[in-house]
Structure formats: structure tokens, C-alpha cells
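Please consider the structure below with its sequence at hand. The paragraphs that follow lead through it one region at a time.

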Amino acid sequence: MEPPGTAGAPGAAGRPWEEAKAFYDNLAPKKKPKSPKPENAITIAVSSRALFRMEEEQKIYNEQGVEAYVKYQLDHENEPFLPGAAFPFVKALEAVNTQLCELYPDSEELFDIVLMTNNHAQVGVRLINSINHYDLFIERFCMTGGNSPICYLKAYHTNLYLSSDAEKVSGAIEEGIAAATIFSPSKDLEVSENQLRVAFDGDAVLFSDESEQIVKAHGLDMFFEHEKAHENKPLAQGPLKGFLEALGKLQKKFYSKGLRMECPIRTYLVTARSAASSGARALKTLRSWGLETDEALFLAGAPKGPLLKKIRPHIFFDDQMFHVEGAKEMGTVAAHVPYGIAQKHKRPAQEKQTPNSK
């Protein structure tokens, strides 16, 4: 379902917020769940610029400073922001919550979205108005008034942090928190309204960067030999292993009700590994953890963008900007995980960020 004259999920430049609201009204949960205790929930912390589009506000901050920025937000606080890159992902999380609440009315094993921003507290009114405008269920806010919110992530029991600020994401990774820098796609692509789809790269995302270190140091031939020799030795965990584990835990709640084929969560392993030479170790590692993905796609070095276009995930995680850019070009919301040896060899150029708009 698409608003008139548009294609795919909202967020394209120039689209009126009225059209965006009309589109997302159809995705809104029919009944909002109760807010779970943080220790029982799967907590997704999302920055304001990841959830909403704030380019105009960013420009004002850059050119006129913080006082003009705050004044603009106050003057426009009754105008909702347009949806940002993480918006469809958040809507999909809420759709899963709705189904979980129907099956398990008393359970608190739900997704809990926290708006994590270093905006000034006065800007919070416009954020609250925008959240209510789109009928989102976000009860927990963290507005730090210019200070980094990273130190609060553990206190919120964060399972995943999404931001447009690469520096903050790196800080979260260093603190042992699953995190990624999210990017808007170059074009809109319609995504599922009823099923959350999450795609993961393998090495340096779900797994450690052990194998990538072999490639960098000794080349592909040595990598293939290494993987064959260590096929039965599980790889160490990567930064997003815990998030896949959390998704799997919720999937099993649907499986136990006989709803495996109708499960509203679907996961994908999308890796540049080749199946014959290095795929077995990846699958055996997941098995050793008691985890699985619904689909495992071994591309043997082929571009990931075209395949992701077919999958249409709400988000795709990769540690290499080359693959993130390729996904973006094909319309996928992609998120960069700044972890492992690939970051040491080439620091990706990031858009300049400012402290009051994340």
C-alpha cells in the first residue's frame, strides 16, 4: 500500500507529512501494548535523526548555531517530522509486539523502543508530537542536552542502538553494545507491513573478524584453507550476535504456538562467503550457539544489493561501507557496523554530524 503518487515506504524528499501519516496510519498497531519492564524487554534505542528526517533543522544548527536551532524547533513544534531511515523498522517492531500481545497477553517479552537523543529537552515537545502524530508507542525518552547519550545505553538495558552519528555508534560498540550507523536508501522500496525482516552480514557482524583478518593478512587461498581446517571450531561472537539471539527468542514464542510458517519475524544471513569453501563453518557456528537464520545466502563475492532488493528487509547490517552503499543504491535501509579489521584498513568517510541533532 502506497500513498498516491509515491513509491515504497515514506521518507522521500519533498513528500508532505500528511501523505506520510496517511500511509503509516495503516501500519499502526490496533491496540497499543503495555510498556514492559526494561529488564524483560528487547530494547531498541533509536536516535531522533534515525527515526525522523531533520535535514532542515541540521542546516539551521550548522549555519546559525544552537539558539537558532532550538528556537526553530519551538516555533515548529506542532509540525511533525517526516519519517526517517529507522521509521519502517520501528513500525515493524510494533507490528510484532501487537501479535505477541495477542498470543501472550501477560508477557513482557516485547520490543521496547527508546528515543535516545542529545537534543535539548525543549525540543522534546516536537518529538513527542511527532511520535503521537504517527501513533508510535515510544514511552521512554533520553534527552541529554548536548551530552553524549552513550553512557545511558546500558542503564536502559539496550539490545541495539541505531544512530546517524558514526562516532556515537563506535562509542557504543566499544562499550560492548550492539550498534550501527543507519543510512537512508537512495530510493524508496516498499517493505512488508506484517513481517519484520532483518538481514545480517556474517563476519564482523554476527561473527568475530577472525576470518577477515586471515584474508587481509594472507589472501583468499589461505582463508579457504583456514576455514576448512577450522570448520568444526565455532567462530567467536560478533557485535550483533546478541540481537539475533533476541530475535530468535521471540521467534520461538510463535513456533511454540504452531506458527513457524506465519511467524512475523524473519532473519537472513547475507554473506560474501562461498558455500562450498567457507559456508559450513558459518552455519556450524550458528548451530553451536543454538541459533539459526531463516535463510542463509552465500554470494561468493557477488554484490549484495540486488539480492537485498528481492528480500526487502527493514534493515541490513554490514561492517563494510562498500556493501552498505550497494544496498542503499538498490533501495535497502542499510546500517554500518564499525567493528573489526576492515575499519582499521579504511576509515569510511561519514557525513559531518553535529551534537544537537542526533
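**A pocket, a helix and a histidine**

With four residues, helix 8 gives the most to the lining of the second largest pocket. This is a predicted model, in which local features need pLDDT of at least 70 and side-chain atom pairs count only at pLDDT 80 or more, while totals for chains, interfaces and linings use all residues. Residues are numbered from 1 along each chain as its sequence is written, and side-chain values use heavy atoms, with hydrogens and water left out.

The second largest pocket has a volume of about 440 Å³. A pocket is an open set of points on a 1 Å grid over the protein atoms alone where a 1.4 Å probe fits, with protein on both sides within 12 Å along at least five of seven lines; lining residues have an atom within 4 Å of a point. The volume is the space filled by probe spheres set on the points, which are joined across faces, edges and corners. Of the 20 lining residues, Glu212, Val215, Leu220, Ala272 and Gln320 are the closest to the centre of this pocket. Helix 8 (210–218) and helix 9 (220–229) are the elements that give two or more residues to the lining; helices are DSSP runs (H or I, at least four residues) numbered from the N terminus.

In helix 4 (residues 66–75), Tyr69, Val70 and Gln73 are buried, that is, under 20% relative accessible area with a 1.4 Å probe and protein chains only, whereas exposed means over 50%. The face turned away from the buried side of helix 4 carries the exposed residues Glu67 and Lys71.

His323 is found in helix 13 (residues 321–329). His323 is buried, with a relative accessible area of 11%.
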